[in-house]
Amino acid sequence: MANTSKKTEDPSTLRGHALAIALLAAGALFMENLDATIIATGLPTMARDFGTSAIAVNVGITAYLLTLAIFIPVSGWVATRFGERRVFTSAILIFTCASALCGLSHTLPLFTASRVLQGIGGSMMVPVGRLMVLRASTKAQLMKAIAYTIWPALVAPILGPPLGGWILSFTTWPWMFLLNVPIGIVLFALALKLVPKDRETVRESFDLPGFLLAGSASFCLMYLLESLEVQHAPGMKAAVLLVATVALSFAMVWWLRRAEEPLFSLEVFRIETFRVSNGPGAMFRMAVYSVPFLLPLLFQEAFGLNPLESGSLTMAVFAGNLAMKPLTGPLLRRYGFRTVLLWNGALTAMALVACGWLHANTPKVITLLVLFAGGLGRSMELTALTTMGFADLPEKLKNSGTTLATTINQMTTSLGVAVSALALHGSALMRGGASAFDFRVAFCVMAGLAALSLPSYWTMHPAAGAAVSGNLIRQEREATPAEG
């Protein structure tokens, strides 16, 4: 007699449309993150071709980041007004064409203008891609879907510098940007094929005061961070920018709380999982986002390694990211967000401290183990934080949540680099000269930032985000009758 029993499929399994959208969004995010990190390698070569200095060419990086800061806050409204499919495909097309223009630029003004155009495309591409992932995934699938979109943020900053060095060794700097063209064409074609046609769009009124306040506050903060990264010392300009950022931020919050149809709703911060992920969790992100900046400097300036040797060592971090992927889901299901974030966060902070104690004579196997362990922790914590942030968002707040989370994430990326650079150069200034000890100070400062996020995890409800993690605690509590 034939066996007619059927195997029950795990509801969290990511298949079909949800998997396709998650991979598509991950591809777009990878293209943007790789582009943002690869450019630093080519600044000296580009400066020679443009007939100027590397610091002057850095305006291309600044222009791109400032454009992101201005336009990311409006991405949610644009997606609602014109439709996610239309905005996402247009953003990919703009980013791809702008990448080609960057590679074809022969003057610094043309290159800067092309980078601004890239920033406009990137500011819509990433947040709208994440919004599509949220809408395409069920609660049970969300954790696996988010895991795909986290990978580019972990991998691209590590692959960017060595890939840029490889391109400069065998060809010319324009290929750092022309590399995006085939990737963008494939993503554009896939988006047209896979993303369903937009439903009826919503004609919401545009909150112009909210946009001006949010864009101006983001602009001032990003400009402040870029200035600190270049100058390494606060000055009058930094003080003015700081005051402007604080004043504009307070004005923005005041307006958004009172506007009838605000640019985005601040109600999302009433949700515990979102508030912790994008508040204290942002400090942890700052710490881990500093690693791709600090490690190459440590290996090349303190250890005296060449870029290829440095890139080979940092690949251990990527290996840790890769190894953690199959463990993330089971660990979160077993222990829940609260426990995983708390213990994994503490271990990751310890791995950051350990990086500061590496030196040129450390056995290579020890160095690789420390970096591998750090990669494991980074992958787990970022996936858990990001997934938890979206776990309890109701449908009406997904636009606002995605916009705010992407804006905060962009800020913390730059904050991590800026704070670590200040710690590095502040230590050198106090000691009267640069040395390997300065990296120890910088890594310890960033580990301290990571540790500051831990108390907020401790105070969370044990079942926070359990609808997404599938944590057994919530299931057991629901199955146990209340005592009374």
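R135 is partly exposed, at 26% relative accessible area. Here buried means under 20% relative accessible area, exposed means over 50%, and partly exposed lies in between (1.4 Å probe, protein chains only). This is a predicted model, where local features need pLDDT of at least 70, side-chain atom pairs count only at pLDDT 80 or more, and totals for chains, interfaces and linings use all residues. Residues are numbered from 1 along each chain as its sequence is written, and side-chain values use heavy atoms, leaving out hydrogens and water.

R135 pairs with E84 in a salt bridge, 2.5 Å from N to O. A salt bridge is a side-chain nitrogen of Lys or Arg within 4 Å of a carboxyl oxygen of Asp or Glu. The partners sit 51 residues apart, E84 in helix 5 (residues 84-104) and R135 in helix 6. Helices (H or I, at least four residues) are DSSP runs, numbered from the N terminus. E84 is buried, at 17% relative accessibility.

K398 and E395 form another salt bridge, with the closest N and O atoms 3.2 Å apart. K398 is buried at 14%. E395 is partly exposed at 46%. Shared partners join E84, R135, E395 and K398 into one network of salt bridges.

## A buried pair

The salt bridge count is 4. One of them joins R115 to D35, with closest N and O atoms 2.7 Å apart. This pair links distant parts of the chain: D35 lies in helix 1 (residues 16-50) and R115 in helix 6 (residues 108-136), 80 residues apart. R115 is buried, at 1% relative accessible area. D35 is buried too, with 1% relative accessibility.

How values were computed: Helices (H or I, at least four residues) and strands (E, at least two) are DSSP runs, numbered from the N terminus.
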